[in-house]
Amino acid sequence: MDSTTKGTWVEFCSGDNLKLLGIGVSIQLLQQLCGMNAFMYDGPLIFDKLFGNEHAGRLFTLVSGVVNIFATIPGLFLVDKCGRTVLMKWSAVGMMFCSGVLASIGDLCFEDDIGTCGPWAKWTATLAICGFILNFAYGWGGMAWVYCAEMFPQKHRTKGVAATTDANWVGNILIAFLPPLMFANWGFNTFWVFVGTNCLCLFCAMSLPETKDKSLEEITLMFNHWFHPGECKATEDADVDSVDA
């Protein structure tokens, strides 16, 4: 079948494409579960707890939006220079570090929502939140979409992008529903969960092949080699033998 021929649903949900679908769904779920939208949805409440001021949450909305906008710009310039997976790796490490800082400061200084460490704790936590947003914006915020748009063969790309986008919305629902319950029961210890999910983001980024500097056709061949290294090596050896003969 020609690569431009429209693929069937049976083909889309089988073989190597099913593996690609699993990877894409995992990427988009992690893009949500890493914790960014927990800040977007519940950040004002976190700021209210940090500063004990109901107006602090409004300031967070402004600050987080500005940081998110400007921190996306480096990703635009670095995506083709550094690569998708490289930015995702550094992004995951940064989010993991910032989540750990928030969890540690919360345990130390904001037990039972009472600040006990002085103003430095509030501002350190604020910097950690901004750092988390910054690291998400240049990495997992955009690279997850880029990678999922490139990884599927041409005849399955439309279905693949649609399915992975749907997975992103599933993750969005989970991240909207679960963190308020976790914050209510665990407080700042909730950020240890995000340390764990960002460890998974790092593992995912380290495991995936890089798509930088490759055409869409080359990416399809790359994944074919990645899924079947033994078969491809045997084919290459056979081609070399036929040329030598």
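This is a predicted model: local features need pLDDT of at least 70, side-chain atom pairs count only at pLDDT 80 or more; totals for chains, interfaces and linings use all residues.
Asp213 is exposed, with a relative accessible area of 63%. Asp213 sits in the loop between H9 and helix H10 (216-227). Its backbone stands out: phi is positive, about 65 degrees, although Asp213 is not a glycine. The side chain has a partner. Asp213 forms a salt bridge with Lys212, and their closest N and O atoms are 3.0 Å apart. Lys212 counts as partly exposed, at 21% relative accessibility.

Now step back to the whole chain. The protein has 11 helices and 0 strands. Along the sequence the pattern reads α-α-α-α-α-α-α-α-α-α-α. Of the 245 residues, 44% count as buried.

Two packed helices are described by the angle between their axes and the distance between the axes. Take H9 as a partner for H5. The axes of helix H5 (residues 84-109) and helix H9 (residues 190-207) come within 8 Å and cross at roughly 165 degrees. Angles over 145 degrees count as roughly antiparallel, so H5 is roughly antiparallel to H9. The crossing of H5 and H9 is left-handed.

Next, take H6. H5 and helix H6 (residues 119-138) pack with their axes 8 Å apart, at an angle of about 160 degrees. That angle makes H5 roughly antiparallel to H6. The crossing of H5 and H6 is left-handed.

Follow H5 to residue 109. Cys109 lies in helix H5. With 1% relative accessibility, Cys109 counts as buried, because the limit for buried is under 20%. Cys109 and Lys122 are 13 residues apart in sequence. In space, their C-alpha atoms are 8.9 Å apart.

Residue 84 of H5 brings in the charged pairs. A search of the whole structure finds 4 salt bridges. One of them joins Glu150 and Arg84, with the closest N and O atoms 2.5 Å apart. This pair links distant parts of the chain. Glu150 is in helix H7 (residues 140-151), Arg84 is in helix H5, and 66 residues separate them. Are the two partners buried or exposed? Arg84 is buried, with a relative accessible area of 6%. Glu150 also counts as buried, at 12% relative accessibility.

Elsewhere, salt bridges that share partners join Asp80, Arg84 and Glu150 into one network.

Another salt bridge lies within a helix. Lys19 pairs with Asp16, the closest N and O atoms being 3.6 Å apart. Why are these two about one helical turn apart? Lys19 and Asp16 are separated by about one turn because they are 3 residues apart in helix H2 (residues 15-33). Lys19 is partly exposed, with a relative accessible area of 40%. Asp16 is partly exposed too, at 24%.

Finally, turn to a nonpolar stretch of the surface. Leu59, Leu62, Val66, Ile69, Phe70, Ile73, Leu76 and Phe77 form a nonpolar patch there. Together these residues have about 870 Å² of accessible area. Phe70, one of the patch residues, lies in helix H4 (residues 56-78). Is Phe70 buried or exposed? At 57% relative accessibility, Phe70 counts as exposed, because the limit for exposed is over 50%.

Technical notes
Residues are numbered from 1 along each chain as its sequence is written. Side-chain values use heavy atoms; hydrogens and water are left out. Patches are made of residues with over 30% relative accessible area and no salt bridge: like charges are joined within 9 Å, nonpolar side chains (Val, Leu, Ile, Met, Phe, Trp, Tyr) within 5 Å. Accessible areas come from the Shrake-Rupley method with a 1.4 Å probe; for residues, only the protein chains shown count as cover. A salt bridge is a side-chain nitrogen of Lys or Arg within 4 Å of a carboxyl oxygen of Asp or Glu. Helices (H or I, at least four residues) and strands (E, at least two) are DSSP runs, numbered from the N terminus. Buried means under 20% relative accessible area, exposed over 50%, partly exposed in between (1.4 Å probe, protein chains only). Axes are lines fitted to C-alpha atoms, for helices over the stretch in contact, and angles run from 0 to 180 degrees between N-to-C directions. Angles under 35 degrees count as roughly parallel, over 145 as roughly antiparallel, 65 to 115 as roughly perpendicular and the rest as oblique. A crossing is left-handed if the near helix is turned anticlockwise from the far one by less than a right angle, and right-handed if clockwise.
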